[in-house]
Amino acid sequence: MICIYATKKLRKKLPLRDSGRLSSSRSSGFAANDGAESPISNWHANIVVIKRRQCVLFVHDDTLFPVFVPALTKKDFAELDFFFSDAFMNTILKTGADDELMEAAHATLGPLTIDTTCDRSVQGTMNRMVQELAFQIEYDDIPVSQFMGYRLGAWLANRPCRKKGVNECIWPIDAMHSLLLST
């Protein structure tokens, strides 16, 4: 199980059951990781509108690793489990992961559980990432039809970030790779 701390704006869009899980029509495929909390749990997520398209940016609390899911429609929000796992795996792949790292990443996936608790430091990092992402999309004049969430997520992960209470800069790619290999 992966805990997602969603903003109120995103939570309004999600069709949730009482347990905080999404009411998805697809089978989750995460039977092995359905009960226990995943080692990569605890992400913050926000819905952002870029070029009139609804996108979701996830940022891992500890590593500040971003996962960007572009151009979602209303029905796609019920399938956010699928879109998150797809974007996570492909973003990891775009960061230069080998087979061992990909297997470790796949083993940590599980169904999403939505909560509203927040960490302002992570939200600040997420807001800065959204600004950089919107600027890059406008600067490169990327058409909506060519949004590649994996490439943009890997681009965001390849830069130093700061987190409250941590003296050194965090490189999200290195931090996530280390976390996955330690599990």
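The buried residues of helix H3 pack against strand S1 (2-6), helix H2 (80-94) and helix H6 (172-182). The model described here is predicted. Within H3, which spans residues 99-108, the buried positions are Leu-101, Met-102, Ala-104, Ala-105 and Thr-108. Viewed down the helix axis, these buried residues fall within an arc of 160°, so they line one face of H3. The face turned away from that buried side carries Asp-99, Glu-100, Glu-103 and His-106, which are exposed.

**The sheet**

Five strands form an open sheet with mixed pairing, in the order S4-S3-S2-S1-S5. S4 and S5 are its edge strands, each pairing on one side only. From one strand to the next, the twist averages 30°. Strands of a sheet pair through backbone hydrogen bonds, in either a parallel or an antiparallel sense. Here both senses occur: S1 and S5 pair in the parallel sense over 4 bridges, whereas S3 (residues 53-60) and S4 run antiparallel and are joined by 5 bridges. Tyr-5 stands opposite Asp-115 in S5, and Phe-58 has Val-67 in S4 as its bridge partner.

The hairpin of S3 and S4 has 5 residues between the strands, and Leu-64 in this hairpin takes a positive phi near 60°. Strand S4 (residues 66-72) is mostly covered, with 6 of its 7 residues buried.

| Helix | Strands it lies across | Angle |
|---|---|---|
| H4 | S2, S3 and S4 | about 30° to S2 |
| H5 (residues 149-157) | S3 and S4 | about 150° to S4 |

Val-56 lies in strand S3. Its relative accessible area is 0%, and it therefore counts as buried, the limit being under 20%. Leaving aside neighbours within four places in sequence, Val-56 is in contact with Leu-10, Ala-45, Asn-46, Ile-47, Val-67, Phe-68, Val-69, Leu-72 and Phe-77. Val-56 and Ile-40 are separated by 16 residues in sequence and by 18 Å in space, taken from C-alpha to C-alpha.

Thr-125 belongs to helix H4 (residues 120-139). This threonine counts as buried because its relative accessibility is 2%. Not counting residues up to four places away in sequence, Thr-125 touches Leu-64, Cys-161 and Arg-162. Among these contacts of Thr-125, Leu-64 is the hairpin residue with the positive phi.

**The nonpolar cores**

The largest nonpolar core has 36 residues, and those with the most contacts inside it are Trp-43, Phe-58, Val-67, Phe-84, Phe-88, Ile-92 and Leu-180. Two or more residues come from each of S1, strand S2 (43-50), S3, S4, H2, H3, strand S5 (112-115) and H6. H2 gives the most to this core, with 7 residues. Apart from this core lies another, of 19 residues, which includes Met-126, Leu-133, Ile-142 and Ile-170.

When neighbours within four places in sequence are left aside, Ile-92 is in contact with Phe-65, Ala-97, Leu-101, Met-102, Met-176, His-177 and Leu-180.

Key
Residues are numbered from 1 along each chain as its sequence is written. This is a predicted model: local features need pLDDT of at least 70, side-chain atom pairs count only at pLDDT 80 or more; totals for chains, interfaces and linings use all residues. Side-chain values use heavy atoms; hydrogens and water are left out. Buried means under 20% relative accessible area, exposed over 50%, partly exposed in between (1.4 Å probe, protein chains only). The arc is that of the directions from the helix axis to the C-beta atoms. Contact means heavy atoms within 4.5 Å. Two strands pair if DSSP finds at least two bridges between them. A nonpolar core is a set of buried Ala, Val, Leu, Ile, Met, Phe, Trp, Tyr and Cys residues joined through side-chain atoms within 4.5 Å. Axes are lines fitted to C-alpha atoms, for helices over the stretch in contact, and angles run from 0 to 180 degrees between N-to-C directions.
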